[in-house]
Amino acid sequence: MSSIILNTLRRQCVHQVRTRLLQQSFLLPTRGLRASPALYANKTHHKDEFSHLEAAHSPDHFGTLSPQVDEPETPDEGDLREEDFLQNIPTPGQKLSVRQYADMIKDHLKNKRIREALDVVEVRMKQDRVKPVNYHFNLLIGGCARVGYSKKAFQLFNKMKQHGLKVTGGTYTSLFNACAVSPFLGDGLKRANQLREVMLEKGYEPNESNYNAMIKAYGRCGELKTAFQLVDEMVARRLNIATETFNFLLQACISDREYGFRHALLVWHRMHRMKISPDRYSFNLLLRCVRDCQLGDLETTEQVIEQILTESIGSAVSKRVPVIEKPISSEHTGEVLEVPQEQLADDTNRALTDRLTHEGVPNLLSAQPHLGSLVKLGEVRKPEDRLLLLGGSSNVFAEMQRCDIEPDIRTITELLDVIPSTYAAEKQLLATIKQLKLRCDIDFFNILIKKRSMRFDYEGARDVLYMIESANLEPDIVTYGVLALGCQTQEEARSLLKMMHEADVRMNIQILGAMLRQGCAKQNFRYITEILNIVKRERLKPNEPFLRHLEEFGKVCEKRDRDYDAKPRKKGRDEFKQEYNRYRMQLDAWREHMGLQGLALDQALGIVREHPWEQFKQPQPDGFEAVKNPKLRHKRKKQHSIRRVDVEAIADDDEERVDGTVRDETKEVKLVH
């Protein structure tokens, strides 16, 4: 501090001396002809420049203490920061305890304020001159991991090491979770590999939680081989392999869309052999595999199924003959008899043949699987076909009952996605919900609306609103989104938008995108133009699917326009030309308003596409309140019984609905009083 004061005094003294010297030089009398003041000032200016240059390069002058050299008018930022740091010392009352800072971080993380939580350590504690501990860093790393902000999580990890803080097992678990939830799978896999190398270099032995997090990270990033190798490491190290470990393996299977169902069958029967009981989450994940994943090549799949059947038979035979190698003494001859291996092989082959030729529905779900009367695996293409390999929905419920597991509405919702897309299957599932006395939430009915809309049964999709009303539930924003899939005309779209306005639900670009998709499919120019005007009026930002629909529709219209040019006398040419020209003019005006005029599709997508981490770099605006009541954060979705839904009113035969219309004799869904 003393050096700063001395430098300041020196600068002031030098400035005063120079000022006095310049004043005295102007007052001195000149010899000979008296020059004009301007000429004298010009000569003085050149002399000062020469003196400055001479002083700067003179070996007799050191530094900037010479009176001939001006001091910089702008002070150094480092000096200012140092002076501010020394003068503005926080009082002891301003500093908080470790727990208080941690509570601040927790409160921000609960309200999804990632930027504010980071500022507690990076700004607040720095201003208070309090050194953060590893608990603070672990909280922030865990918060970033839950939202997939993997880049910041690893930056905090590096800062943690720079501060010399201890890295715990929970830190590694959170970092692997960040890799698993990262929106960029390649980046997540790269960081997971680097973190695993760091653990090996430091000689850290992972615990069960670390292994589960690693399996989750590698599985979700598509590295199934490494995920299965980690389970083998757990077995080699004799660590406890619980149901959660197999659940993470099932998540890994879901990431493989081509061979995932085959891997899921192997994982499921490995659980049976290790006598690990699945939980409700295991069944839900298996049903997700049924929906999203394929069997892969048939030859390998047949070998896998034969392997599953053989191993299950081997375990059953070993139960009947506990110790094969144990000799058996004969009472009459006194000789030692052994169980012949040929007989054991014959029993295994006989049992395998019985299971391959078993009559009835296939069942690859239970501990004693069989193929039933399945003709060939080449016919298994759809989710309902893969569900049939597990024995159907009834066998899934039976297996859950055998494992002493009660299904919940999430299980029913997963089943709704994989059952046949018929009224009979939906009616049977609703009857099962009533029988099990389960309480439905709005997500179940949203999936039901979407399922009917995807099979073009838009009238049946709107009938689900009666079910929602009878279940004493209220539609949410997703409900209106799936209803928008069935808005084939402008009138239907206006009716849905009016319904949303009455329910005080604001439209979004996803709902308008679903309507745009229908307008493009029907080639209704006025419908599409109205959607574009709504987007412009509501100041919504178009997303990637919205622009892709417009691009594909433009290509279809160009092809149709060329066809009309090739056949000028074709019927409807003039009407199409008139509507198409009007649409192009309005589309160009809309693109110009959105700032997309003249841009290719890739360039436009680059503008509308938002970086997933950008939201964490900006603080929340003042007055923003995500949740008014803190208790609502932990409140579950509203669930109610469907006992008032008349399931019998649902048509059993799909032939009663023709061309998307309902016959007069078909009953609507009624309330049972």
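**Model.** I am working with a predicted model, where local features need pLDDT of at least 70, side-chain atom pairs count only at pLDDT 80 or more, and totals for chains, interfaces and linings use all residues. Residues are numbered from 1 along each chain as its sequence is written, and side-chain values use heavy atoms, with hydrogens and water left out.

**Repeats.** I looked up "repeat: PPR" and found that UniProt, in an unreviewed entry, places it at residues 133–167 and 207–241. Such annotations may be inferred rather than shown by experiment. In residues 133–167 the end C-alpha atoms are 11 Å apart, with 74% helix and 0% strand. For residues 207–241 I noted end C-alpha atoms 11 Å apart, 74% helix and 0% strand. Helices (H or I, at least four residues) and strands (E, at least two) are DSSP runs, numbered from the N terminus.

**Glu83.** I located Glu83 in helix H3, residues 77–87. Its relative accessibility is 31%, so Glu83 counts as partly exposed. Buried means under 20% relative accessible area, exposed over 50%, and partly exposed in between (1.4 Å probe, protein chains only).

**Loop residues.** Lys437 sits in the loop between helix H20 (423–436) and strand E3 (439–440). Lys437 is exposed because its relative accessible area is 74%.

I then turned to Gln523, a residue other than glycine with a positive phi near 55°. The loop holding Gln523 runs between helix H25 (509–522) and helix H26 (525–537). Gln523 has 30% relative accessibility and therefore counts as partly exposed.
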